[in-house]
Amino acid sequence: MYIELLKQLYYQERKKLEAMWIFKQESKIRLLKLRKTILERISERLTIDEISGRGDIAEEVKDSLLSNPDKEDKIRERLDKDKDDELLEIENAQKEELRSTNYNPQEYSDYLFQLEKVSALEDTISEERMFPEQVYEEQKFINEKGPANDNK
């Protein structure tokens, strides 16, 4: 019984959190930060030296493209351009999203309180050897299916 009640409580509290406009705004900002981190990772992995050592690219392709200085320069230039274009897009989107963060102190406090409540429940769920995301999806399914069953 305790576990079922815990699952229901977690679902209710997380649903409240996800309904908050600040949560949605913060999610957009977090996603942009993630995209920037991914772009940095990509940049590190797409140097000519890294590409030359990769096993998932056919040796014939590497020989054809990377042994020719002109082709190698074009690859490097295109990779740099793609990275710079994406970085500019991310930075512009970040600026736009940050303009939307004119948070009211009371609303932000409510958001932080709800966020911590959900985080504490996630820790408790994990301590019970369950996965919070799985619990949420299970409860979401139950709650969405529940009213439909009442109509039958």
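1. Axes are lines fitted to C-alpha atoms, for helices over the stretch in contact, and angles run from 0 to 180 degrees between N-to-C directions. Helices are DSSP runs (H or I, at least four residues), numbered from the N terminus.

2. This is a predicted model: local features need pLDDT of at least 70, side-chain atom pairs count only at pLDDT 80 or more, and totals for chains, interfaces and linings use all residues. Residues are numbered from 1 along each chain as its sequence is written, and side-chain values use heavy atoms, with hydrogens and water left out.

3. Look at helix 2 and helix 6 (residues 105–127). Their axes come within 9 Å and cross at roughly 75 degrees. The two helices are therefore roughly perpendicular to each other. Trp21, Ile22, Phe23 and Glu26 of helix 2 make the contact (heavy atoms within 4.5 Å) with Glu107, Tyr108 and Tyr111 of helix 6.

4. Next, the largest pocket. Its space is about 240 Å³. It has 14 lining residues, and Ile42, Ser43, Leu46, Leu79 and Lys83 are the closest to its centre. A pocket here is an open set of points on a 1 Å grid over the protein atoms alone, where a 1.4 Å probe fits, with protein on both sides within 12 Å along at least five of seven lines; lining residues have an atom within 4 Å of a point. The volume is the space filled by probe spheres set on the points, which are joined across faces, edges and corners.

5. Which helix gives the largest share of that lining? Helix 5 does, with six residues.

Key. Parallel < 35°, antiparallel > 145°, perpendicular 65-115°, else oblique.
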